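Trainee: I would like to learn how to read the features of a structure. Can we work through one together?

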Amino acid sequence: MWLITITVLSGYPGNKIPKSPFLNFDKLVHLGVYFILSIMLCYWFYIKGDKNSTSIKTSVLIVLFGILYGGFMEILQEYIFINRIGNWYDFFANTIGAFLGVVLFPFILKLL
């Protein structure tokens, strides 16, 4: 469901998006969306029995998935979606969000 949400938000016409309250607010949104994606993937691996969901292999796979999906969305924004433009800074924010989600998952799990 979260991937569908990301896809819908990424494809929403750019001229219909409200102006951000401060400069680069959209980069924080990108970071947050992919942070949540990574947290959800880590949690999915955790409840599916990989109690060591923070293993290097699982972590790398989750971050790579976030990078690839984020890159795919930026390509779609550049070439397919109407009134959208792919952006390298958005891609980097997606990547940082995916990475932070994996790194912070053990701490979030302890809080829950």
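Mentor: We will go from the overall fold to one residue, then to cores and a pocket. This is a predicted model: local features need pLDDT of at least 70, side-chain atom pairs count only at pLDDT 80 or more, and totals for chains, interfaces and linings use all residues. Residues are numbered from 1 along each chain as its sequence is written, and side-chain values use heavy atoms, with hydrogens and water left out.

Trainee: How many helices and strands are there in the protein?

Mentor: Elements are DSSP runs, numbered from the N terminus: helices are H or I, at least four residues, and strands are E, at least two. Here there are four helices and zero strands. The order from the N terminus is α-α-α-α.

Trainee: What share of the residues is buried?

Mentor: Buried means under 20% relative accessible area, exposed over 50%, partly exposed in between (1.4 Å probe, protein chains only). Of the 112 residues in the protein, 32% are buried.

Trainee: Is Lys27 buried or exposed?

Mentor: Lys27 is buried, because its relative accessible area is 18%. Lys27 sits in helix α2, residues 25-47. Now its partners. A polar contact is a pair of N or O atoms within 3.5 Å; within protein, one must be able to donate a hydrogen and the other to accept it, and residues adjacent in sequence count only if both atoms are side-chain atoms. The side chains of Lys27 and Asp26 make one of 2.8 Å.

Trainee: Which residues does Lys27 touch beyond four places away in sequence?

Mentor: Contact means heavy atoms within 4.5 Å. Lys27 touches Asn87, Tyr89, Asp90 and Ala93.

Trainee: Which residues form the largest nonpolar core?

Mentor: A nonpolar core is a set of buried Ala, Val, Leu, Ile, Met, Phe, Trp, Tyr and Cys residues joined through side-chain atoms within 4.5 Å. The largest has eight: Ile6, Val33, Tyr34, Leu37, Tyr69, Met73, Leu76 and Phe81. A second, separate core of six residues includes Ile39, Cys42, Val63 and Phe105.

Trainee: Which element gives the largest share of the lining of the second largest pocket?

Mentor: On a 1 Å grid over the protein atoms alone, a pocket is an open set of points where a 1.4 Å probe fits, with protein on both sides within 12 Å along at least five of seven lines; lining residues have an atom within 4 Å of a point. For the second largest pocket, α3 gives the largest share of the lining, five residues. The lining includes Gly71, Glu74 and Trp88.
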